[in-house]
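Please read the following report alongside the sequence and the model.

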Amino acid sequence: MLDLNYRLTDDTGGHNSQGCDRPRLAWWSLDRAHPLPASPRSAHKVNKITPLAAMRRITGKAKDETLIELQSATDSQTADGPAVLTAFRINLHSDENGGNGINSLSETSTLPGHTETDKLQPNKDTVFFRDGVRRIDFVLSYVDDKDGEKKQDRRREFEANLEKAGLELETEDKADSKDQKTYFLKIHAPWEVLATYADVLKIKVPFKLSDIPHGQDVPLEWLSHPFRLPEHIMRPQPDYFTYPFDKAKTDFFLINDKDTFFPPSTRNRIVYYILARCPYYKDCLQEKDKTGIKRLISNGTYTTAFPVHDCRYWKRARNAECESERYNLYKHWARFLCFYKEQPLNLIRKYYGEKIGIYFAWLGFYTEMLFFAAVMGVICFTYGVLSYDDNMSSKEICDPDIGGSIVMCPLCDKKCSFWKLNSTCLSSWQSHLFDNEGTVFFAIFMGIWVTLFLEFWKRRQARLEYEWDLVDFEEEQQQLQIRPEFEIRCTNRRLNKITQEMEPYLPVTSKCARFCLSGATVLFWISLIVACIIGVIAYRLAVYAAFASIIKDPMRKIQVVGRFITPQLATSVTASCINFVIIMILNFFYERVAVWITDMEIPKTHLEYENRLTMKMFLFQFVNYYSSCFYVAFFKGKFVGHPGKYSYMFGSSSNLRNEECDPGGCLIELTTQLVIVMSGKQLWGNIQEALLPLMRNWWSGRKGRHHPENHYSRWEQDHVLLNFSQLGLFYEYLEMVVQFGFITLFVASFPLAPLLALFNNILEIRVDAWKFTTQFRRPVASKARNIGAWQEILNAVAILSVVTNAFIMAFTSDMIPRMVFLYAYGNDSTMTGYVNNSLSLYNISGIDERHMPEDRDDWFLNSTSTCRYRDYRYPPGHEKQYQHTMQFWHILAAKMAFIIIMEHVVFVVKFFVAWMIPDVPSDVKARIKRERYLIQEYLHNYEVERLKMQLSASFITEPRSDMSSMTDKHEVVPECV
């Protein structure tokens with residue numbers, strides 16, 4: 001007996017179980033029920049197709065019962081409304097005599113995964129083919145245009161080769177799409193294809209349920225309950241022991257259902273692997289460059305290629321066979337109200353793949369560790385606030401009898417006048433908030449914090465490697481992921497000494513030429529950044545004079561704005577804003593240049609490509625973002641000279657005198673620079689990541705927004721979303737690593753930087769989650785066992801941060817001069833008299849007339865004949881006048897000693913902590929060893945049982961064949977007689 005399930009559709013929209021209305025068999029008119037595009041590929045698929053062949057093609061089954069979901073194709077469908085869809089079972093019996101006939105009809109029933117309302121119109125929001133059985137693993141879209149014939153030929157060859165590779169295709173006509181222009185090609189990978197490529201890619205699959213418990217009970221675990229997610233969200237599937245898939249040993253693995261054995265993320269990864277390597281040339285031409293879906297998208301043959309989401313993000317899928325993982329991710333992860341909850345990393349990995357899962361695991365861990373740095377930063381800042389009244393230096397500066405009586409030398413030529421020291425009263429108080437004794441402790445703490453962060457991340461990463469089956473994901477498997485571009489563009493072949501196979505390679509001469517051009521391009525752009533920084537410095541020098549000339553009153557009875565915005569502060573703020581705009585503009589251009597020169601180098605593997613691009617981009621970003629901070633921290637105010645012998649940026653003829661630091665030090669200006677650049681980058685980044693995708697998707701999806709769900713197909717809903725490019729995750733890492741540099745390299749100048757980063761990252765996690773879940777198409781799943789080259793970059797930044805913070809505390813901060821004065825030159829071990837001690841004298845009559853202020857009154861001549869400047873030099877009349885005093889060399893020696901001691905202390909602690917904390921937890925090591933042991937044991941037992949079965953089968957077969965031959969002889973003899 002042969003049982004077939006198919007649909008009986010009534011042209012009039014009704015049905016009769018008694019057969020009175022003469023219903024027709026919908027699969028007899030398969031080409032009318034589901035119109036395909038009038039292309040050569042679709043034409044040869046629907047012509048000359050028998051009923052049984054049609055059933056086999058749709059279902060892939062020949063004997064099993066199948067329920068086919070088809071749509072009525074009557075001419076009155078659009079005029080009279082959608083036809084009623086009904087399902088009947090028709091049993092075609094095949095008896096011993098070979099007669100066939102219809103046995104019975106069952107009552108009307110609803111299709112699986114559909115409600116009663118679907119009888120009125122079919123639901124197109126599905127992840128299955130029209131048969132409701134085969135899952136959509138990938139979708140390609142294209143539009144007919146002016147160059148239609150040429151592109152149609154490419155599509156015909158490409159799709160024919162996909163079918164040769166074993167993939168199954170189904171096309172949605174443009175008449176069924178909302179824009180009436182776009183065709184959608186749905187791709188399904190059957191079991192044979194999945195098994196073959198899972199074997200090739202060495203994908204690990206389960207062979208035994210894990211018998212190792214998740215973990216031990218933690219004391220006070222109830223405190224973490226408010227931050228926990230439900231268990232079925234945190235662990236969407238049981239833990240298994242896994243082994244690389246082997247097609248010849250399918251019975252070794254836990255295969256309960258072949259349709260669901262490989263999760264959707266693995267399926268779309270395999271399909272994309274085929275698409276990236278499938279040619280679209282004819283066999284007779286052998287044009288190797290005509291290969292892969294990327295090239296077809298770039299030349300416009302296809303417009304997009306993407307795997308589909310499993311459902312809408314705001315509600316579950318109707319079909320019970322659909323996982324609705326996207327809905328769970330949005331509900332428990334992507335909403336901002338879940339900001340205090342843990343991340344469902346296993347579900348993220350299951351849906352998006354290991355590479356994206358590793359990124360969110362790293363970002364979450366980084367945010368957790370920022371909490372401790374932020375707490376210490378707040379404590380340090382609080383100490384500065386509480387010690388506000390004990391700041392003797394600021395009191396002396398603000399004292400009318402001390403700071404009000406000190407006349408300072410002009411800070412620029414011509415435009416700047418003489419000024420009173422107490423005009424910087426407010427900035428000196430502000431500087432104390434960040435430049436105090438607690439800052440030294442915080443700088444040392446951050447040096448140790450960086451080490452703890454990196455070491456504990458290694459442990460977390462090792463645990464994830466085990467749990468996500470990435471322990472043996474070595475370079476050999478990366479070699480299997482050779483970039484199609486490398487295979488296409490490298491026409492030379494040579495013998496691989498290991499595999500003894502011919503492989504493509506790039507000649508040394510071509511490689512050297514490409515590297516030289518790449519290096520020259522990177523050097524040119526870095527030089528361009530340096531030139532822009534020099535331009536900003538020139539702006540600072542020029543505009544300072546303009547700001548200084550605004551203040552007209554020589555007695556410093558200035559306007560309200562002048563009391564709060566000094567020329568130094570105004571110059572620093574405006575220059576920082578201009579520098580930030582330049583940074584954003586240069587970023588826009590260099591991102592494209594970096595991708596271009598990396599493509600030009602033709603890296604062999606995806607890993608090599610990402611590592612090269614990472615190094616280029618970070619080198620550029622490092623110079624672009626940090627150069628202005630390095631200038632303020634280590635160059636401003638260090639090469640000024642002294643009155644009568646000032647240093648100029650472009651020579652004395654330029655009148656651009658080098659900047660001086662405020663009497664309170666340059667640290668407050670470094671703080672201003674850091675806050676503007678860091679906060680501006682984070683604000684702009686959040687605008688780019690949240691608002692721009694939202695606006696783009698709103699604009700592209702406006703046509704289908706008001707259509708009901710069952711008329712708006714799943715592939716069309718995903719088609720209007722933004723594409724997640726291969727470098728999308730790269731920019732997410734880059735943003736966070738640049739932030740990591742801000743909070744480590746210059747954290748001594750701004751202890752609240754970790755707090756700002758913490759708030760930003762809490763928002764960043766949910767914005768990224770919302771973006772991945774709602775605004776982007778589902779990315780192709782890919783594997784990664786770690787964060788790649790970013791790990792080495794973080795290590796380098798961590799080491800450099802110890803050096804930069806030591807130099808900031810020594811040369812940018814005013815702490816060392818204060819300590820030297822307190823313990824060596826102060827009276828009664830107090831800071832009284834420090835301001836007067838830190839300022840040197842200069843005879844006003846010695847100032848060249850070319851450098852004297854233009855608009856000046858002689859008020860200062862009536863009170864003093866000298867002016868003061870920030871340095872340690874002998875006064876006029878001394879035998880060594882205007883030369884550095886012994887106190888200057890004493891302070892310099894103390895600064896160098898502080899740098900050496902701080903660096904060695906922090907480095908010793910760093911290396912000791914790194915040595916004390918193992919990279920791989922002991923329980924993870926034990927689990928890895930147990931899994932390897934079980935693999936060997938199970939494989940051995942499997943092979944032994946398999947050999948026994950083969951031997952017993954051969955033993956049984958041979959005697960039976962002998963007996964059958966003897967029987968044949970006995971039967972033949974009577975006939976012969």
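Helices (H or I, at least four residues) and strands (E, at least two) are DSSP runs that are numbered from the N terminus. The model is predicted, with local features needing pLDDT of at least 70 and side-chain atom pairs counting only at pLDDT 80 or more, while totals for chains, interfaces and linings use all residues. Residues are numbered from 1 along each chain as its sequence is written, and side-chain values use heavy atoms, with hydrogens and water left out.

**The chain as a whole**

The protein chain has 977 residues, and 50% of them count as buried, where buried means under 20% relative accessible area, exposed over 50% and partly exposed in between (1.4 Å probe, protein chains only). Its secondary structure comes to 32 helices and 19 strands. Contact here means heavy atoms within 4.5 Å, and of the contacts in the protein chain with a separation of 6 or more, 77% are between residues 24 or more positions apart. The accessible surface of the chain comes to about 47100 Å², and carbon and sulfur atoms account for 59% of this surface; such areas come from the Shrake-Rupley method with a 1.4 Å probe, and for residues only the protein chains shown count as cover.

**Disulfides and other cysteines**

A disulfide is taken to be a pair of cysteine sulfur atoms within 2.5 Å, and the structure holds 2 of them.

| Disulfide | Sulfur to sulfur distance |
|---|---|
| C398 and C425 | 1.8 Å |
| C409 and C867 | 1.8 Å |

The link of C398 and C425 is right-handed, with 100° about the S-S bond. Because C398 lies in helix α14 (residues 392-398) and C425 in helix α15 (residues 425-434), this pair ties together parts that are 27 residues apart in sequence. In the disulfide of C409 and C867 the torsion about the S-S bond is about 85°, so this link is right-handed. It joins distant parts of the chain, 458 residues apart, with C409 in the loop between β12 (407-408) and β13 (419-420) and C867 in strand β19 (residues 866-870). Both C409 and C867 are buried.

C516, in contrast, is in no disulfide, and the nearest cysteine sulfur, that of C512, is 6.5 Å away. With a relative accessible area of 56%, C516 is exposed.

Helix α15, in which C425 lies, is mostly covered, as 7 of its 10 residues are buried. Among these buried residues are W429, H432, L433 and F434.

In soluble globular proteins, nonpolar side chains tend to be buried together. A nonpolar core is a set of buried Ala, Val, Leu, Ile, Met, Phe, Trp, Tyr and Cys residues joined through side-chain atoms within 4.5 Å. Which residues have the most contacts inside the largest nonpolar core? They are W362, Y366, W449 and F742, in a core of 130 residues. Helix α13 (residues 354-386) gives the most to this core, with 15 residues. Not counting residues up to four places away in sequence, W449 touches Y366, M369, L370, A373, F740, I743 and T744.

A second, separate core has 46 residues, including A189, Y273, C278 and I935. C278 has a relative accessible area of 5% and is therefore buried.

F227 is found in the loop between β9 (204-209) and α7 (231-234), and at 43% relative accessibility F227 counts as partly exposed.

Q621 is found in helix α22 (residues 606-634) and, at 4% relative accessibility, counts as buried. Leaving aside its neighbours within four places in sequence, Q621 is in contact with N587, Y626, L734 and V738.

E437 is found in helix α16 (residues 437-467) and counts as partly exposed at 39% relative accessibility. E437 and C380 are 57 residues apart in sequence, with 8.9 Å between them in space, C-alpha to C-alpha.

E943 counts as partly exposed at 33% relative accessibility. Although E943 and K249 are 694 residues apart in sequence, they are 9.6 Å apart in space, C-alpha to C-alpha.
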